[in-house]
Amino acid sequence: MSLIPLRPLMEASMKYGFGQGGFNVNAAAQAKAVIEIHEMFRAPAILQGADLANGFMGGKTDFMNATLEDKRAGAKNIGNVVKKYAQNSHIPIVLHLDHGRDFESCVAAIDGGYTSVMIDGSSLPFEENIELTREVVKYAHARGVSVEGELGVLAGVEDHVFSEKSTYTNPLDAVTFFQKTGVDALAISYGTMHGASKGQNVKLRKEIVIAIRECMNHLGIFGALVSHGSSTVPKYIVDEINGLGGQLSNTYGISIEELQGAIHAGINKINVDTDIRLAVTRNMKEFFANYPEMQNSPSIGEIYELLEQKKAAFDPRVFLTPIMDTVMYGVIPDEDVNAIVQCIERGVKEVVGTLIVKFDTYGKASFVENVILEEMAERYKTIDKYL
Ligand SMILES: [Zn+2]
């Protein structure tokens, strides 16, 4: 099946009241595993590449300093990988750019084959955020690509996205933002937080979600609501990492119950990244503990060294730099690398499978209209008529 834009999936989420996870991928094996587990559960899938993850997939191991060129190359790599896996798949799949930082990064993603982009103008003054987002919507919608914006500031760290304290989204501003920009989806700030240290017993301000949803219904405006920074940070995985010599502390996620409440209040898309990172890191640590002879493997021994050097880290990108061809293109040169690929795939499937069930996404693949980009571009002409 061809990749679809985000819009028809969000329409189905609203119509049938299910939550849809957006899962971040930083390696070919992660993309393959995310697709396979959604297929198993007959669920539609959103694969997300973060702006800087595109740099990493472009071969920039020092991805925090990725240039536009790195991102262009990486967007193409991840686009090609996902398209290849999607071709033989019977479920609807969206490839979405997470936290696009400027217009050019969004263009790079669209050129690479992304079918949905986020433009994060949340650090800009309200009017400037609207201006920038409108510009991206115009470019993207003309190509049938959907757009997500962001309003309000989340606390926490997600690549370059950092802010000292959270500022909740004003529901009135959110409605105005939808009206003036024509975005398909909007990330709001209502108590979630990026990273693995979200604080204990976080309660989400679902009132914000309900207020926006209610006003949108009255005005007859379409708009999906997105929950960023929504990893659950499973305690059993953190405990297992620390049991294997890891040094993770102060790790708290959002509880499944809070997320389910948010879905009922009107959240449509839930972004998850940290849970995947944790499960993959644990699997690799466990593998080297179970097979100590692998610690000296010519092809993957360096991964073990990195795991040992950085015991407080849990971002697989930090550990996978010795096998960049595998990360970027899915190349598997020998059995040792294949074992690491298995660690990655199993980690993804464990946490993503859990959330497909908890978010009620299973069995919903056939509820989503299969719209190709050309058809979506035509529809956007009518939808955006009054912008
Ligand atoms: Zn985010």
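## A bridge between two parallel strands

Methionine 118 stands opposite glutamate 148, a residue of strand E5. The two strands involved, E4 (residues 116-119) and E5, pair in the parallel sense over three bridges, where pairing requires that DSSP finds at least two bridges between the strands. The model is predicted, and local features need pLDDT of at least 70, side-chain atom pairs count only at pLDDT 80 or more, and totals for chains, interfaces and linings use all residues. Residue numbers start from 1 along each chain as its sequence is written.

Strand E5 (residues 146-151) is mostly covered, with six of its six residues buried; a residue is called buried if 20 or more other C-beta atoms, placed from the backbone, lie within 10 Å of its own, exposed if 12 or fewer do, and partly exposed in between. Ser146, Glu148 and Glu150 point one way from E5, while Val147, Gly149 and Leu151 point the other way, and all are buried.

## The barrel

E4 and E5 belong to a set of eight strands that close into a barrel with parallel pairing, in the order E1-E2-E3-E4-E5-E8-E10-E11. Neighbouring strands of this sheet are turned against each other by 25° on average, with direction ignored. Strand E2 (residues 45-50) and strand E3 (residues 93-100) pair in the parallel sense over six bridges, and the bridge partner of alanine 45 is isoleucine 93 in E3.

Helix H5 (residues 103-112) lies across E3 and E4, running at about 160° to E3; axes here are lines fitted to C-alpha atoms, for helices over the stretch in contact, and angles run from 0 to 180 degrees between N-to-C directions.

## Overall dimensions and contacts

The protein has 16 helices and 11 strands, taken as DSSP runs numbered from the N terminus, with at least four residues for helices (H or I) and at least two for strands (E). A compact globule of 387 residues would have a radius of gyration near 21 Å, and the 20 Å of the protein agrees with this; the radius is taken over C-alpha atoms, and the globule rule is 2.2 Å times the number of residues to the power 0.38. Along the principal axes, the C-alpha atoms fill a box of roughly 65 × 40 × 40 Å.

Buried residues make up 55% of the 387 residues. Of the contacts with a separation of 6 or more, 74% are between residues 24 or more positions apart, a contact being two residues whose C-beta atoms, placed from the backbone, lie within 7 Å.

## Helices H9 and H11

Helix H9 (residues 235-243) packs against helix H11 (residues 274-290) at an angle of about 35°, with the axes 9 Å apart. In this contact, Ile237, Val238, Glu240 and Ile241 of H9 meet Leu278, Ala279, Thr281, Arg282 and Lys285 of H11.

Threonine 274 lies in helix H11 and counts as buried because 27 C-beta neighbours are found inside 10 Å. Leaving aside residues up to four places away in sequence, threonine 274 touches Gly195, Ala196, Ser231 and Val233. Threonine 274 and histidine 194 are 80 residues apart in sequence and 8.5 Å apart in space, C-alpha to C-alpha.

## Helix H1

In helix H1 (residues 6-16), the buried residues include Leu6, Arg7, Pro8, Leu9, Met10, Ala12 and Ser13. Just after H1, glycine 17 takes a positive phi of about 70°.
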